[in-house]
Amino acid sequence: MSDLSKLSVLVAAQSTVRSGARRAGKGILVPVMVAGILAAGGPALASSPTGTTGICNGVVNQLSHRGEVQPNLVKAAARQNAEQIATLTAERAALVTRQEELSAQVKAAETEIAALDAAEATLVGQIDTVTMSLAKLEADQATLTAAIATANTELTTLQGQRTTLVNQITPLQTQKANTETELTGLEGQKATAVLSLATTEGDLASAKTRLQTATAAATVAQTKVNAHLTAIERATQDLAVLVTQGDAAQSLVDDAEGKLSEARAALPGLEATAKTADTNAATATAAVLEAEEDLRLAEQSVTTLTQQIGTIAARLPVLQTEIGGLQGDIATKNIEIIAKKQEIAAATAAPVADATALREQLADLEYQLADIRGNGSGPQARRAALQVQIDELNDEILAAEQAAKTKTALITALNGDLTVLQGQLTTLNSQLSAKQQESSNLQQQLPGLQTSLAGANALVISVTGALTDAKAAQTAAHTAQTDANDAVTAKKAEIGALEAALPGLTGDLTAAMAEITEKQGELKALEDALPGLQATLAAADTLVTTETAEVTRLDGEVAKLVATLETLNTSITAAEKAILALQNQLTPLQTSLTTLTQQISDKNAALTTAKSDLSALDAKIVTESAALRTLESTKKVNRDAVAAQKAIVAGLQSQYKTVLDRIAGIDGTIALGGCVAP
């Protein structure tokens, strides 16, 4: 840690000293929480896709040079990188879960900070504001002064490094700008060549379309000629065949009867298979219904557990506030009890005349008086003086007894007040224990509920998978059912067709003789149409030859334009490589420059803060010097309580930002069809 960083930590510690003294009661909770949070490991963050080979080269180049990517190229990349995109999607889901966990941990840590601040607010009015000695303040003043000097030295060094980097970056940026200008010119030439190529390719496509049309017409004409020739040959052959069709007709009748017997024998087996398929489909449907009910119950359990956790999370901060208030009331009540005990002690120590000693003196005087009266002698003045003393002692005894009664009544009343205060203190302690017990119970319930919620979520996932499997099985069963029923229907249709066809086959023999005469007329008609079809074929062949020559000419022009475009692409690639090489040199230098600029800014800000804090510390030393004389005692402080808690929050927030950045990177990669953006 640099001197300036130490300076920042020291200033932060100064600002929390006062609150640290008042957080001593809760300070021991912080190490446990810190250990728990730091021990909780987050899910591993899978690395993003690397490399831009294959189709990703096109995606990255378009994004770099145009600022956008053609949708069809992205779709092609997504199809090629489907497995990689699925992996990224799963990783993103894990990152979102980790994001939610970190958010909950940040909220819990912030709740603890709020509780510490509430305790501080309660204690502010009850203890003196001075918690540090004058010697500590003076030591801090010396540390701040030394740190400021060190920071000034570091700032000068950073500014010199920044100047050196700027001198290295400027010529590289100029060279890169010149190369980019050259690249722009080449791309303009390429656009012109691409336009010419597109025009020529359009002409070529039109010529090919015409050629295809002509070829199709020639093919049709040739097909018609061939069909007529084939038809003539077939008609000639048919004449010979019809002579033997009588025997063939009998064979067909025999074959139809055999197939009909086979179909009737196969039908019962197919009907049994269909019945089995119906049973399997019903079983699969029942399994789907059962899985859907299991899913509903699991989702209901997740909802219930989530509500319970939310209730506990809302109740805990309220309990912490109530506990802080009760602790304040208990402290106030202890002060009142101490004051009441001091009143009792003062009343007990108050001097009261000793009535017993006065009675002893009275008895002695009465004895002396009785002795004088008994012997009938003694001066009258002596008797009168003794009588006066006796009367005075009687008055003193009455006064002493009255004072004793008054003192006793006062002490009794004060003891009664003390008893009331102690009863109130007992009630407050009981209330505090109840609140603390309630808070402890809720905190103990929370992990169990969270574990149950995780289990319920896992069950939802498991049941969802089982439901998917059941639905797949149901679909397969229904498919099998449909196939079996279709097979039965088809077999019945086959039987019906055979039964319907059998009578007609017996009349085929008679029809065969009529077909001979018909076939002779057909053969003559085909021979008469053949010359016209042959003339149409010759005209179509001539048109094909003409269009073929035009396509050959346009193919030559396209080849020349493609060669020109390849030359331009080679030049553009060279320029892009040069720009990339310059950018590769610039990137680390610019990154270093940005880092140095930020370090200089941070150093200036920290230096300004340190100087301001030093001035405040000087004023505080003067104030503390006067306040130090009035302090009766010092309090043990826990200066690191809030600082440690804030460090936890900062660490969690840093993890939270890292997760968000990774999610954003994954989203960008998925948006580019699984390709990594430059």
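**Glu322 and Arg315.** I started with glutamate 322 and found its side chain in a salt bridge with arginine 315, 3.7 Å from N to O. I'm counting a salt bridge as a side-chain nitrogen of Lys or Arg within 4 Å of a carboxyl oxygen of Asp or Glu. This is a predicted model, where local features need pLDDT of at least 70 and side-chain atom pairs count only at pLDDT 80 or more, while totals for chains, interfaces and linings use all residues. Residues are numbered from 1 along each chain as its sequence is written, and side-chain values use heavy atoms, with hydrogens and water left out.

I checked accessibility next: glutamate 322 is partly exposed at 28%, and arginine 315 is partly exposed at 24%. (Buried is under 20% relative accessible area, exposed over 50%, partly exposed in between, with a 1.4 Å probe and protein chains only.)

**Lys435.** Glutamate 322 also pairs with lysine 435, with the closest N and O atoms 2.8 Å apart. That pair links distant parts of the chain, 113 residues apart: lysine 435 sits in helix 9 (residues 380–505) and glutamate 322 in helix 7 (residues 245–349). Helices here are DSSP runs (H or I, at least four residues), numbered from the N terminus. Lysine 435 is partly exposed at 22%. I then traced a salt-bridge network that links Arg315, Glu322, Lys435 and Glu438.

**Glu401 and Arg359.** I got 1.6 Å, N to O, for this salt bridge. Glutamate 401 is in helix 9 and arginine 359 in helix 8 (residues 355–374), so the bridge ties together parts 42 residues apart in sequence. Glutamate 401 is partly exposed at 25%, and arginine 359 is partly exposed at 39%.

**Tally.** My search of the whole structure turned up 14 salt bridges.

Notes:
Helices (H or I, at least four residues) and strands (E, at least two) are DSSP runs, numbered from the N terminus.
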